[in-house]
Amino acid sequence: MKRTIMALFILWTFFLITPVSAEDNLQVMEKDDTGLQWEYYREGGTPQGLITKTNPYITYYISVNANSGESFLLKMFLNGEEVEASYNPATDKLTYQAGELTGDNHVRVELHSGGKVEEWSWSFSIDESPVRPLEGADTEKLNRIQSEAVTTINSYRDDLSLPLLSSNDKLQQIAQGHSNYLEEHSEDGHTQRNPESDWFTGYQVGDRAKYFNYSGFIGEGIAFQEENSKDAIHRLFDAPYHRMSLIDPRFSQIGTGYNESGDFVANYGGSGVIQSPETVVYPSDNQQDVKLSWYAFEVPNPLRFYNKDAVWTGYPISFGYFGSPQDELQVAQATLKNEKGERVPVYDVLPSMEEEGNKTHAFLIPKEPLTPGMTYEVDVDASVSYSETESVDVSRSWSFTTASSLSIRSVHFEEQNGTTFLKEEWDSGVDPDAEIVLTKDGEEFMRKEAGSQTTSSKLETGNYQMTVTSPLFEETKVYDLTIRNDQDLSYQYDSPWVVTEFSPQEKEVEREALWSNFSDWSSAEKVASANKEWTIAFNQSMKEVDNINRYIYVIDESGQEIDVSVGWKGESQKEAVVSPTSDYEDGDYLLIIEPMEAATNQMMEDGLRMAFTVE
């Protein structure tokens, strides 16, 4: 019996949090009757909130500048008693290491100058039953997940010539602690609203950083219901707001968390200091095989300005500026054009549309999936304002080329409500209109099309074929996969059906669906000899391909491919020679030329077919 069930596209949600930086809390004050000026934390020093360390360093940032030689004195009081805090004018920090503390604690800092006193105060509490996120956990598994995440992120960052990230134990505790909390309260996203939870470590990510005694610049990304961290990172990278954290050169460390529901948390950290401002674009200049599409389901929603959400779009293009928190990016114009010079309709998300404190990026999200094998040009006319009178031009122009062929890197199965779902991870960008059929020994087991899955038979161990027919790529590809049953499940939606081998077949099927619509080469010869050698001349040099027979071939009148030898004539690769490996038999034939890519990254608009007869 067949059952048709709507496949859930929305199996993950992304959450982004803007990095927290101490610089955001600075305020400058100046005394009226002296030349004394100071800069200090608006919201107190550290630590604050709930912490685990019983003998913490108590620190307050205050930069004092006595322009007229005015003397000053700084004092620190802990729970009403003055303590011997030391002030370092080189780092602008007043610091004291406390002895063993318990319960609630109150700190007051006083600045004495000219007979007057300014004071600031804050509180913190020692958690007498500290949360230990990794205690009793499968640390081998969690470390493997973190290692895989670091490797995947650094692959992106290395391609962009950005500093690589390293694992950090405290960030891992922060991430794993929040992941554990999300197991019970997934609706809370980046916040922890339930202080009664056994996993509560702080309302916001900054609070959780203080709890685990991590100081510095910190950000967070979350992806839900993920089979592994590699796919989670790929998905976070596709989502433009989350991409900004992954390509931020101010981050140097990372820690990850993962729970039984497949919820993946990444916390990024670093000093927040950058030697010189940097602009990072993605896709990068001259990048190849860029994805064509994206399913826009991200929090915050970049399409909220257009009253759209959970829709298929083209792959997001991002322009990110990373400098000081006070810098503001201004974009006068941003355009996307195809290789014909035609302007591509996009949803643009510009700094002027964003809220204060988040004006350092611009996104161009194509309204429709991009074209396979197309080279696109991006132009962003932008500047950065350092002050009301000072700005610098940061405009960029660059190009990238999309994937010319559909590519699926892996597949897996998920179980939801008693139904097994087939899930694919597309390297080329998903074709939402693709038809996917899973068969074994000619019997159909699953079929996916138009967002729904039909299950014809229950899975069993063995070798399968997955046929993917893509209208977007105008291509059909067959993958071989081996499935076995394994009851060792790794997360809530995991399936006992495990794909142990997965690879594309060397040849695609149903090519007739492609060449039947190709243009006829009307000037061709009609009658040929049995050993006829054809020479195909292109108007420019063509790009090197692994197997030219994949693009140039001969078929007989029944649609069967004939064994021919195809090779380039000369090093310029402007002429291809096609000759039969044995004489043609009498009959009708078609010489097929599928769309190929030139060395200049230009793609043929259409394929060609030439009919000839051997008598």
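This report looks at how some strands pair in a predicted model.

Strand β11 covers residues 104–113, and strand β12 covers residues 116–126. They pair in the antiparallel sense, with 10 bridges. Within this pair, His-112 stands opposite Val-117 in β12.

**Strands β31, β34 and β35**

Now move further along the chain. Strand β34 (residues 462–470) runs antiparallel to β31 (residues 435–440). Strand β34 also runs antiparallel to β35 (residues 475–485). Five bridges hold the pairing with β31, and nine join β34 to β35.

Glu-435 stands opposite Thr-469 in β34. Met-466 stands opposite Tyr-479 in β35.

What lies between β34 and β35 in their hairpin? Four residues separate the strands. In this hairpin, Glu-474 takes a positive phi near 50°.

**The antiparallel pairs side by side**

| Pair | Bridges | Facing residues |
|---|---|---|
| β11 and β12 | 10 bridges | His-112 and Val-117 |
| β31 and β34 | five bridges | Glu-435 and Thr-469 |
| β34 and β35 | nine bridges | Met-466 and Tyr-479 |

As you trace a strand, keep one rule in mind. In a regular strand, side chains alternate between the two faces of the sheet.

Note on methods
Residues numbered from 1 in each chain as written. Predicted model: local features only at pLDDT ≥ 70, side-chain atom pairs only at ≥ 80, totals over all residues. Heavy atoms only, no water. Pairing = 2+ DSSP bridges. Helix = DSSP H or I, 4+ residues; strand = E, 2+ residues; numbered from the N terminus.
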